[in-house]
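Reader: Before any discussion begins, please show the sequence and the structure.

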Amino acid sequence: MTEQVTIGKSAVTTVPLGLGTNAVGGTNLFPDLEDDTGKAIVRTGLEAGITLLDTAFAYGLGHSEELIGQVLKDYDRHQVVVASKAAQDLSSGEVELNNSPKFLRQAVDDSLRRLQTDYLDIFYIHFPDQQTPKDEAVSALNDLKQAGKIRAVGVSNFSLAQVKEANRDGYVDVVEDQYSLLHREAEADLLPYLQQQKISFVPYFPLASGLLTGKYHADVTFPANDIRHKNPDFQGDRFAMIVKKVAQLQSVADAHAATIAQVVLAWYVQNPQIGVVIPGAKKAAQVTANAQALDIKLTAAEYQQIDQLFK
Ligand SMILES: NC(=O)c1ccc[n+]([C@@H]2O[C@H](COP(=O)([O-])OP(=O)(O)OC[C@H]3O[C@@H](n4cnc5c(N)ncnc54)[C@H](OP(=O)(O)O)[C@@H]3O)[C@@H](O)[C@H]2O)c1
């Protein structure tokens, strides 16, 4: 059985490789994905032994959660770790960030309804607002935890100062932030703080939106409604440099009869500073392949080689 990790100081445990579902639900981040494809992606993940599903209100304005809710009906709810997020308040007709206790309580109830469940394993404040003291926001989430509506308290896209403010009473179990072999800023201050506080870290964009799979060898363009359209990693000299470095992982992949994506994911799984890695997918076959990364054990030398290549 795959080793389990515990989320912060909560009772939530999961396999250390989950599924990111920001493409599920025909979202506003990528060109539309059919509902059936989205549901197949989720189902494939659960069948492959993935336990954690990472969703959010923002993914299709609730539609990702709705599709996941439909799939969950066919599974034992207690075997699945459902993580969702909210902070986007649409009540004024515009998108405004809101971390107020009242908004968060309502957001959790709305997520539960869309997911057709009576608890969330993890609830994250998706983005910080400018007005709510972060410890007040997290205290409201701790009340929801005590009431059994959520099992672990998370924050996402918070600066280190905001994480510290949020964790004033020690209530934060997990932080989700951008981190990958290409974007390692969190290593300087955030990750040491999280380790010291026993807060789990869930990196998003672990495959750098596909760049770290090694599948790109030439100039690539994305449609204007794809978040990668303007991503600097995919442009000019930086893109060429990344492609060249990623290609150097082929020998490690070959040694494991694996793909570059799989050894990259194995690196995160073996990284002691990382709790759960949540690669996204647009095809069920990608999910199956990514889940197989759990079977790869990098040697210490291979781990270091990957680490140093992208330092
Ligand atoms: N908290 C936040 O603010 C936040 C922000 C962003 C994301 N997230 C979460 O983090 C998750 C991961 O981020 P992400 O999905 O955007 O980026 P990612 O995991 O870095 O990249 C995923 C993309 O890479 C490609 N891919 C995946 N597996 C592959 C494989 N085996 N072979 C070839 N290509 C493969 C797919 O795109 P193509 O097929 O199009 O190449 C897939 O959509 C999201 O799903 C979401 O749950 C959270």
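Predicted model: local features only at pLDDT ≥ 70, side-chain atom pairs only at ≥ 80, totals over all residues.

Reader: Why is N22 called buried?

Author: The relative accessible area of N22 is 17%. The term buried applies under 20%, so N22 with its 17% is classed as buried.

Reader: Where does N22 lie in the chain?

Author: N22 is found in the loop between β3 (19-20) and α1 (35-47).

Reader: Which residues is N22 in contact with, leaving aside its neighbours within four places in sequence?

Author: These are T27, L29, F30 and Y59. Each has heavy atoms within 4.5 Å of N22, the cut-off for a contact.

Reader: What makes V264 count as buried?

Author: V264 has a relative accessibility of 0%.

Reader: Where is V264 placed, and which residues is it in contact with?

Author: V264 belongs to helix α9 (residues 260-270). Once neighbours within four places in sequence are set aside, V264 is in contact with L181, P206, L207, L212 and L249. As for G25, 239 residues separate it from V264 in sequence, and the C-alpha to C-alpha separation in space is 26 Å.

Reader: How do you know which residues line the largest pocket, and which of them lie nearest its centre?

Author: A lining residue has an atom within 4 Å of a pocket point, and 40 residues line the largest pocket. Nearest its centre lie N22, F30, F205, S209 and G280. The space in this pocket is about 860 Å³. Helix α10 (residues 284-291) provides the largest share of the lining, three residues.

Reader: What classes of residue make up the lining of the largest pocket?

Author: The lining of the largest pocket has 19 nonpolar, 14 polar and seven charged residues.

Reader: How much space lies in the second largest pocket, and which residues are closest to its centre?

Author: The second largest pocket holds about 460 Å³ of space. It is lined by 24 residues, and V5, V269, N271, I274 and G275 are the closest to its centre.

Reader: Which elements supply the lining of the second largest pocket, and what are the classes of its residues?

Author: At least two lining residues come from each of β1 (5-6), α6 (190-197), β11 (200-204) and α9. The largest share, three residues, is that of α6. By class, the lining of the second largest pocket comprises twelve nonpolar, eight polar and four charged residues.

Key:
Residues numbered from 1 in each chain as written. Heavy atoms only, no water. Helix = DSSP H or I, 4+ residues; strand = E, 2+ residues; numbered from the N terminus. Buried < 20%, exposed > 50% of the residue type's maximum accessible area, 1.4 Å probe, protein only. 1 Å grid on protein atoms, 1.4 Å probe; cavity = no way out; pocket = protein on both sides within 12 Å on 5 of 7 lines; lining within 4 Å. Points joined across faces, edges and corners; volume = space filled by probe spheres on them. Nonpolar A, V, L, I, M, F, W, Y, C, P; charged D, E, K, R; others polar.
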